[in-house]
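Hi everyone, thanks for coming. Please take a look at the picture with me, and we'll walk through a few places in it together.

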Amino acid sequence: MNVAVVGTGYVGLVSGACFAEMGVHVTCVDIDEQKIEKLKNGIIPIYEPGLEEMVRKNVAAGRLRFSTSLKEVIEEVNLVFSAVGTPPDEDGSADLKYVLSVAREFGQHIKRYTVLVTKSTVPVGTAKKVKAVIQEELDKRGENIPFDVASNPEFLKEGAAIKDFMSPDRVIVGVESDRARSLMTRLYRPILLNNFRVIFTDIPSAEMIKYAANSMLATRISFMNDIANLCELVGADVEMVRQGIGADTRIGRKFLYPGCGYGGSCFPKDVKALIKTAEKSGYEMQVLKAVEDVNERQKRVVFEKLKKVFNGDLKGKTIAIWGLAFKPETDDMREATSLVTISLLLEAGCKVRVFDPVAMNECKRRIGDKVEYAKDMYDAVLDADAMLMLTEWKQFRLPSWGVMKKTMKNALVIDGRNIYDKEELEEYGFEYHCIGK
């Protein structure tokens, strides 16, 4: 089977590499000539564990290649996956210009029955717009070529994307014809053979499932952060509360960890987009509006704790930050708590020194030399008045507290991810603050 994947961002590149790993012949297409040239030379534009090796392996095997032209490859493929970006518009709704651009190019160049599959996260009703654009282009050509559209949303967690793709909880496929369903079944046969769930739905339901899933997970995070903040006020321990409610099988333990707010490319964008979709339909998503408000407030919580320790006077303080990416195992800083924290610290007159195992270059790209970039985690805390833990990378979990106590100007740790033990740090002479205790 031959497929094309348009867009070599996170979703497109991971999907293309994994399809190739399953034995499919894949051409990844992107209009960015520089990016395509780098990919041809084995240079991967994103950090994702295992992706570089998988790309190189499948390029060498001849199952994965890269191109700047969908027109050149469309005649040889059965399926075209649209994995282009859907950035939030000024009002929070998803901007579909790239999705519709792919649809237009698809309509301009198909020669035989082909299916255009939307893998990007798009609002309910997008498939109708895509279909209309394709038909408009065919009408301009005076052609009556059969085609189908489908929805196949991704559920990849950054840092574990390859595992999620190859061993999925479920694969959602929205189709409106038996012919499209047959092609998608053939594509996902390796998944079916391994007894993973492939769920076929109508297209609007598939489009909604993606938003509903991410919004539910975001809701759980914001709910626990709200509970954590209340725990601090009433003297409860959020970890004990989490264990107690997580033991209820109706609730479960996943995504019940309090912290300093969620970020990334999915949750913030998808919550905003679903709120906007509802507004356009004359409905108000009251719960999701609260989820968004809680999360924005939570991104300030570590800074507010620091400010309280120093009685509001942070001017001239040297503050170390461990972790810049919005989560471990990625260099993605979109909507990251670190960006909010850094901005607040600089406004307060602090000197900020940062370290992250993989996101340092991304931070430099985003904010330049506004902060000092440390060589390693211990260099970051040298003569620091406080260390703020924002991203729970594994290498941060068991630091040498004895060394830090000797090198820090002030033995203060504010843990935005609740990964340290209060009693242990206090034994070393640290003042320790976390979330919800």
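Let's start with a question: in which helix does Ala 20 lie? Ala 20 lies in helix 1, residues 10–21; helices here are DSSP runs of H or I with at least four residues, strands are runs of E with at least two, and both are numbered from the N terminus. Before we go on, this is a predicted model, where local features need pLDDT of at least 70, side-chain atom pairs count only at pLDDT 80 or more, and totals for chains, interfaces and linings use all residues. Residues are numbered from 1 along each chain as its sequence is written, and side-chain values use heavy atoms, leaving out hydrogens and water.

Back to Ala 20: its relative accessible area is 0%, so it is buried (buried means under 20%, exposed over 50%, partly exposed in between, with a 1.4 Å probe and protein chains only). Ala 20 and Val 59 are 39 residues apart in sequence, and their C-alpha atoms are 8.8 Å apart in space.

Now find the open sheet of 6 strands, with parallel pairing and the order 11-10-9-12-13-14. Its edge strands, each pairing on one side only, are strand 11 (372–373) and strand 14 (431–433); two strands pair if DSSP finds at least two bridges between them. Strand 13, residues 412–415, runs parallel to strand 14 and is joined to it by 3 bridges.

Last stop: Glu 423, in helix 19, residues 422–427. Glu 423 counts as exposed because its relative accessibility is 58%.
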